[in-house]
Amino acid sequence: MTRDFHRPLTPKKLSQLAESVTQASALEPGLTMVVGPYGELVHFVYTAILKELAQGSSRLPIPLPECSSIVCVHSGPARYLEQVRGLHAKLGLMAPAFKKCQSFERVASCAFDWTNQASVSIVGRLKALKNGGCVVLQQPPDINPDLQGLLELRRAAEKYNARIILFCPAVADEAKISGTPNELFVVTPCEPNPGFDEGFVVSCPGLASPLSPSSGKVLCCVRLGDDGLETESTPYVADDLKTRLMAILKANEWSLEQIGNLVGLNKSNVSRKLRMVSGTVPDGWDDDMLAEWLEACDLDPIEEEESSAVDSVDDDDADEYDGEHQSDDWAADDDDDDGNDLDDLDRAKPVAPARRNERNTRNKDVVIPRKQR
């Protein structure tokens with residue numbers, strides 16, 4: 001899939017490879033679906049992507065555009081809508097940063113399936129859609145979207161040059177689904193970075209590249225603070241937390257040998273793991289943050305340093321130490337000798353190597369018997 005040049009907001013020390021694979025044009029008008037197994041994190045994913053949309057951010061694999069108006073539509077019983085309002089207030093969706101976002105509620109006996117005919121007609125009559133804005137919908141997790149309804153939502157958005165973002169937390173990335181919308185995001189839960197509560201990967205299959213497994217992917221980490229949901233979006237490195245740490249240390253100009261000593265790998269394995277990885281150094285990186293990462297990865301730098309110090313004992317010092325105590329060991333063996341030759345054979349006594357001249361001298365002293373006629 002070919003896209004025009006668009007330079008995203010890249011973090012510090014982002015490599016040239018990462019810059020080349022994250023360049024993409026803004027979100028196209030039409031239908032955008034957010035699919036994947038993120039049912040338990042649906043409210044976090046909803047808030048994180050809505051925050052990027054409100055800011056017109058370029059931190060997602062597909063940069064989000066500046067929208068004149070954003071309408072979030074919710075449906076269901078009155079008590080359910082009341083709970084949604086309270087949850088959004090807790091997540092910070094009522095903050096000034098979301099002043100561009102408006103909420104539209106429709107009281108009903110149950111949450112709407114936004115792909116049936118009646119729901120599609122409701123969306124088509126919204127002023128935000130007709131004015132070329134953006135409409136955000138959330139599909140019930142227990143209802144699979146209808147393909148015909150998805151096509152009608154797409155046509156309605158394309159008609160007004162608007163955008164419809166449909167969150168489908170229980171829909172898998174299948175061929176029949178991925179070919180229907182104009183744009184597709186796939187969300188997969190993963191282990192968060194230290195200091196965050198939850199983490200998930202937002203990827204765009206259309207931007208996948210064989211050059212790097214991280215192309216078209218972004219790692220989003222969230223935590224619930226006093227002012228709402230705090231989010232951090234960084235380039236994707238790996239699902240494994242230890243590999244992310246190695247990528248950070250490499251970007252922080254650590255040598256492969258130093259990284260290997262820390263994580264218990266040789267530098268060849270470290271190089272192999274980081275071959276196609278483009279890491280960045282987080283803002284505010286210091287010794288305290290490093291200690292937090294090491295604790296999350298079950299690594300202890302003190303023990304690693306002690307073990308490396310023991311392994312790096314000089315061989316000459318070790319030989320000198322053995323030579324000083326060699327006579328004492330032989331004396332102890334002679335004192336404990338009980339005359340059992342079998343026990344003596346089992347003992348591993350050091351034998352001093354003979355010099356070259358000594359071997360030649362011994363060979364001259366050997367008497368060669370005369371051949372028998």
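The legends below describe close-up views of a predicted model.

Residues are numbered from 1 along each chain as its sequence is written, and side-chain values use heavy atoms, without hydrogens or water. In this predicted model, local features need pLDDT of at least 70 and side-chain atom pairs count only at pLDDT 80 or more, while totals for chains, interfaces and linings use all residues.

**View A. Glutamate 52 and arginine 59 form a salt bridge.** The closest N and O atoms are 3.3 Å apart. A salt bridge here is a side-chain nitrogen of Lys or Arg within 4 Å of a carboxyl oxygen of Asp or Glu. By this rule the structure has 5 salt bridges. Glutamate 52 is buried, at 3% relative accessible area. Arginine 59 is partly exposed, at 29%. Buried means under 20% relative accessible area, exposed over 50%, and partly exposed in between (1.4 Å probe, protein chains only).

**View B. Arginine 85 pairs with glutamate 105 in a salt bridge.** The closest N and O atoms lie 2.7 Å apart. This pair links distant parts of the chain, 20 residues apart: arginine 85 sits in helix H3 (residues 78-91), glutamate 105 in strand E3 (residues 101-107). Helices (H or I, at least four residues) and strands (E, at least two) are DSSP runs, numbered from the N terminus. Arginine 85 is partly exposed, at 37% relative accessible area. Glutamate 105 is partly exposed, at 30%.

**View C. A salt bridge joins arginine 154 and glutamate 158.** The N to O distance is 3.0 Å. Both residues are in helix H6 (residues 147-159); because they are 4 residues apart, about one helical turn separates them. Arginine 154 is partly exposed, with 25% relative accessible area. Glutamate 158 is partly exposed, at 39%.

**View D. Cysteine 134 is in no disulfide.** The structure holds 0 disulfides, a disulfide being a pair of cysteine sulfur atoms within 2.5 Å. For cysteine 134, the nearest cysteine sulfur is that of cysteine 67, 4.8 Å away. Cysteine 134 is buried, at 1% relative accessible area.

**View E. Cysteine 190 has its closest cysteine sulfur in cysteine 221.** The distance is 6.4 Å, too far for a bond. Cysteine 190 is buried, at 14% relative accessible area.

**View F. Asp286, Asp287, Asp288, Glu292, Glu295 and Asp298 form a negative surface patch.** Patch residues have over 30% relative accessible area and no salt bridge, with like charges joined within 9 Å. Aspartate 298 lies in the loop between helix H11 (287-296) and helix H12 (301-311). Aspartate 298 is exposed, at 71% relative accessible area.

Technical notes
Patch = residues over 30% accessible without salt bridge, like charges linked within 9 Å, V, L, I, M, F, W, Y side chains within 5 Å. Areas by Shrake-Rupley, 256 points an atom, 1.4 Å probe, with all protein chains shown as cover. Lys, Arg positive; Asp, Glu negative; His and termini not counted. Charge placed at Lys NZ, Arg CZ, Asp CG, Glu CD.
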